[in-house]
Amino acid sequence: MSQEMENHYREILSALGEDPEREGLQDTPARAAKAMQYLTHGYQQSLGDIVNDAVFSSDTDEMVIVKDIELYSMCEHHMLPFIGKCHIGYLPRGKVLGLSKFARIVDMYARRLQIQEELTRQIANAVLDATDARGVGVIVEARHMCMMMRGVQKQNSSMKTSVMLGDFRDNLSTRQEFLTLVHN
C-alpha cells in the first residue's frame with residue numbers, strides 16, 4: 001500500500017477539521033488508501049490479461065447477450081461512486097468469448113475513475129477487440145452518487161448510455177433485436 005496515499009488521507013482528515021489521531025480515525029488513512037487502491041485496480045489490468053486465451057472457435061453467428069452485469073465505478077469529477085448494470089450483446093464471427101470475461105471486462109474499466117459515457121465506449125471497444133465480432137452493443141444504466149448526495153440531490157435519477165458498433169450501428173433490425181432482448 002502506498003504510504004504517500006495514506007499520508008494524503010491523513011492530511012485530508014486534518015483539513016476537514018478532524019483529529020487523525022483520535023481513536024476512531026487512527027487507522028482510517030490506511031483503510032482509505034487500501035480501499036482506494038482496490039476501487040481503482042482496473043488501472044493495473046489489461047484486456048490481454050483479462051481475456052487470457054478465453055476466446056474459442058465457434059460456428060455461432062446469432063446474437064449473444066449478457067445482461068445485468070453489476071458495476072461499481074467512481075465519477076472522475078467528484079470521486080463519488082456510481083452504481084449500475086451493464087448489458088452487452090455481440091454478433092460472433094467465428095469466435096466467442098468465455099462468459100465470465102464479460103464481467104471481468106466491465107470491472108476492469110469500471111474500476112477506474114470514469115465518466116459513464118467513456119466507460120460504455122471502452123467496454124464496447126474491448127469486446128470488439130477481443131472477439132472480432134460483426135457488431136457489439138453495450139448499454140450501461142447507473143445511479144450516480146454525485147447527483148444523489150450532493151448538488152441537485154435527485155434521489156431517483158439514473159443515466160443510460162449506449163454504444164453500438166458494426167452491425168449494431170449499421171443494421172436497424174439488429175439494433176432493435178438487441179434493445180428488445182435487453183429490456184425483456
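## Glu141 and its surroundings

Apart from residues up to four places away in sequence, Glu141 touches Ile83, Gly84, Lys85, His87, Gln116, Met159 and Lys160. These contacts come from a predicted model. Glu141 belongs to strand 6. Its relative accessible area is 17%, so Glu141 counts as buried, the cut-off being under 20%. The side chain of Glu141 makes a polar contact of 2.7 Å with the side chain of His87.

One of the residues touched by Glu141 is Met159, which is placed in strand 7. Met159 and Glu141 are 18 residues apart in sequence, and their C-alpha atoms are 5.6 Å apart in space. Met159 has a relative accessibility of 24% and is therefore partly exposed. Neighbours within four places in sequence aside, Met159 is in contact with Gln116, Glu117, Val140, Glu141, Ala142 and His144.

Five strands form an open sheet with mixed pairing, in the order 5-2-3-6-7. Strand 5 (113-114) and strand 7 are the edge strands, and each of them pairs on one side only.

Strand 2 pairs with strand 3 in the antiparallel sense, over 9 bridges. Within this part of the sheet, Ile65 has Gly89 of strand 3 as its bridge partner.

Strand 6 is largely enclosed by the rest of the structure, because 9 of its 10 residues are buried. Helix 5 lies across strand 2, strand 3, strand 5, strand 6 and strand 7, and runs at about 30° to strand 7.

## The nonpolar cores

The largest nonpolar core has 33 residues, and Cys86, Ile88, Ile105 and Ile123 have the most contacts inside it. At least two residues of this core come from each of these elements: helix 3 (47-51), strand 2 (64-75), strand 3 (81-91), strand 4 (95-97), helix 4 (99-110), helix 5 (116-131), strand 6 (135-144) and strand 7 (159-166). Another core, of 7 residues, lies apart from the largest one and includes Ile139, Phe168, Phe178 and Val182.

What does Ile88 touch, not counting residues up to four places away in sequence? The list consists of Val64, Ile65, Val66, Ile69, Phe102, Val106, Ile123, Val127, Gly137, Val138 and Phe178. Among these, Ile123 is also named with Ile88 as one of the residues with the most contacts inside the largest core.

## Helix 1

Helix 1 covers residues 3-15, which makes 13 residues. From its first C-alpha to its last, helix 1 reaches 18 Å, close to the 18 Å expected at 1.5 Å a residue.

At the start of helix 1, a side-chain oxygen of Ser2 comes to within 3.3 Å of the backbone nitrogen of Glu4. Gly17 follows helix 1, and its phi is positive, near 95°.

Technical notes: Residues are numbered from 1 along each chain as its sequence is written. This is a predicted model: local features need pLDDT of at least 70, side-chain atom pairs count only at pLDDT 80 or more; totals for chains, interfaces and linings use all residues. Side-chain values use heavy atoms; hydrogens and water are left out. A nonpolar core is a set of buried Ala, Val, Leu, Ile, Met, Phe, Trp, Tyr and Cys residues joined through side-chain atoms within 4.5 Å. Buried means under 20% relative accessible area, exposed over 50%, partly exposed in between (1.4 Å probe, protein chains only). Helices (H or I, at least four residues) and strands (E, at least two) are DSSP runs, numbered from the N terminus. Contact means heavy atoms within 4.5 Å. A polar contact is a pair of N or O atoms within 3.5 Å; within protein, one must be able to donate a hydrogen and the other to accept it, and residues adjacent in sequence count only if both atoms are side-chain atoms. The expected span of a helix is 1.5 Å times one less than its number of residues. Two strands pair if DSSP finds at least two bridges between them. Axes are lines fitted to C-alpha atoms, for helices over the stretch in contact, and angles run from 0 to 180 degrees between N-to-C directions.
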